[in-house]
Amino acid sequence: MKNFKLWAALALVVLVVGGGLFAYWNFELRWRPTTVEKNQEEIAALLESAGWVSPGGEGRPLYMVAHRDCADCLRFMTEQFPDLQAAGVDTRVIMVARPDVNALSQSTPMERSTVAELWLSRDWDLLQRWRAVPAAQWDAPGIRPADGDPARSAVVEASRRFLAELEPLMAGNGVDLGYPLLVWWDEADQMTACVCQRRESYADLRQDFGLPAESDTPLVPDGEEDAGRMTAPEEASEAAI
């Protein structure tokens with residue numbers, strides 16, 4: 001009986017400690033960004049040379065790698081960009097046309113055309129107009145088609161080559177390529193990365209840029225990320241002009 005009580009007590013301790021460790025991982029550690037310690041120069045060069053668009057900013061850059069059908073990307077832009085930009089952060093968005101998988105396309109002709117135009121023109125307003133319209137309704141007005149145009153098709157392939165080169169460099173730091181992929185430099189000038197697909201992952205990024213852990217910006221209701229309400233009110237009015 002004594003042995004049974006001893007083993008029962010030990011089992012209880014293990015359960016309590018294990019539960020505490022799991023809770024710490026689940027609610028804290030799993031959402032923290034990753035310090036990039038390998039291939040920093042190569043990653044920085046890739047990001048800088050990509051066709052990013054930005055409204056400008058005097059502060060440190062924040063790179064976001066995204067594609068148009070990524071609801072998590074749209075949510076982050078809508079909920080976090082206003083605070084970051086108000087703080088002077090240079091939000092640099094790299095839109096990509098994902099490569100085909102098993103001969104199945106992961107992008108539409110309109111998406112490929114718009115990605116090519118963004119990489120060529122670096123037009124931030126175009127990105128806002130694209131965000132303001134549900135993806136299925138976007139007809140790329142005034143944009144030359146990329147399909148059938150050798151020069152613009154080459155730009156689309158450049159966005160895919162960018163992904164192909166970036167993926168193993170990030171994997172070497174324990175970061176699996178996902179969307180949105182966010183890369184920035186913290187206050188100690190250390191390169192940092194996060195595949196920030198959950199709101200729980202925003203706090204550390206915000207604090208690295210001197211912002212409170214939580215934003216006062218209204219949250220996007222679940223399931224409405226691509227419902228044509230993905231721009232801030234002032235951006236939406238400008239996009240309609």
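Which residues form one aromatic cluster? Phe76, Phe81, Trp124 and Tyr202 do.

## About the model

This is a predicted model, in which local features need pLDDT of at least 70, side-chain atom pairs count only at pLDDT 80 or more, and totals for chains, interfaces and linings use all residues. Residues are numbered from 1 along each chain as its sequence is written, and side-chain values use heavy atoms, with hydrogens and water left out.

## The sheet

Five strands form an open sheet. Their order is S1-S5-S4-S2-S3, and the pairing is mixed. Strands here are DSSP runs (E, at least two residues), and helices are DSSP runs too (H or I, at least four residues); both are numbered from the N terminus. Two strands pair if DSSP finds at least two bridges between them. Strand S1 (34–35) and strand S3 (90–95) are the edge strands, as each pairs on one side only.

Strand S4 (residues 181–185) and S5 run antiparallel, joined by five bridges. Trp185 stands opposite Met191 in S5. Helix H3 lies across strand S2 (61–66), S3 and S4. H3 runs at about 170 degrees to S2. For such angles, axes are lines fitted to C-alpha atoms, for helices over the stretch in contact, and the angles run from 0 to 180 degrees between N-to-C directions.

## Salt bridges

Side chains of opposite charge can pair when their charged atoms come close. A salt bridge here is a side-chain nitrogen of Lys or Arg within 4 Å of a carboxyl oxygen of Asp or Glu. The count comes to 11 salt bridges. One of them joins Asp72 and Arg75, at 2.8 Å from N to O. Asp72 and Arg75 are three residues apart in helix H3 (residues 71–86), so about one helical turn separates them. Is Arg75 buried or exposed? Arg75 is buried, at 9% relative accessibility. Buried means under 20% relative accessible area, exposed means over 50%, and partly exposed lies in between (1.4 Å probe, protein chains only).

Glu79 forms a salt bridge with Arg199, and the closest N and O atoms are 2.7 Å apart. This pair links distant parts of the chain, 120 residues apart. Glu79 is in helix H3, whereas Arg199 is in the loop between strand S5 (191–195) and helix H7 (202–208). Glu79 is buried, with a relative accessible area of 1%. Arg199 is partly exposed, at 28%. Another salt bridge joins Arg92 and Asp90, with the closest N and O atoms 2.8 Å apart. Both Arg92 and Asp90 are buried. Salt bridges that share partners join Glu48, Asp90 and Arg92 into one network.

## Aromatic rings

How many aromatic pairs does a search of the whole structure find? It finds seven. Rings of Phe, Tyr and Trp (its six-membered ring) pair if their centres lie within 6.5 Å; planes under 30 degrees apart count as stacked, over 60 as edge-to-face and the rest as tilted. Trp52 and Tyr63 form an edge-to-face pair, 6.5 Å centre to centre, with 85 degrees between the planes. Trp52 is in the loop between helix H2 (40–49) and S2, and Tyr63 is in strand S2, 11 residues apart. Trp52 is buried at 14% relative accessibility. Tyr63 is buried at 3%.

Trp119 and Phe162 also form an edge-to-face pair, 6.2 Å centre to centre, with 70 degrees between the planes. Trp119 sits in helix H4 (residues 109–121) and Phe162 in helix H6 (residues 150–171), 43 residues apart. Both are buried.

## Charges over Trp52

The charged end of Arg92 sits over the ring of Trp52, 4.1 Å from its centre. The charged end of Arg122 sits over the ring of Trp52 too, 5.0 Å from its centre. A charge sits over a ring if NZ of Lys or CZ of Arg is within 6 Å of the ring centre and within 35 degrees of the ring normal.

## The loop between H7 and H8

Thr217 lies in the loop between H7 and helix H8 (233–240). Thr217 is buried, at 19% relative accessibility. Not counting residues up to four places away in sequence, Thr217 touches Thr78, Glu79, Pro82 and Asp83. Contact means heavy atoms within 4.5 Å.

Ala213 is in the loop between H7 and H8. Ala213 is partly exposed, at 32% relative accessibility. Ala213 and Ala203 are 10 residues apart in sequence and 4.4 Å apart in space, C-alpha to C-alpha. Leaving aside neighbours within four places in sequence, Ala213 is in contact with Ala203, Arg206 and Gln207.
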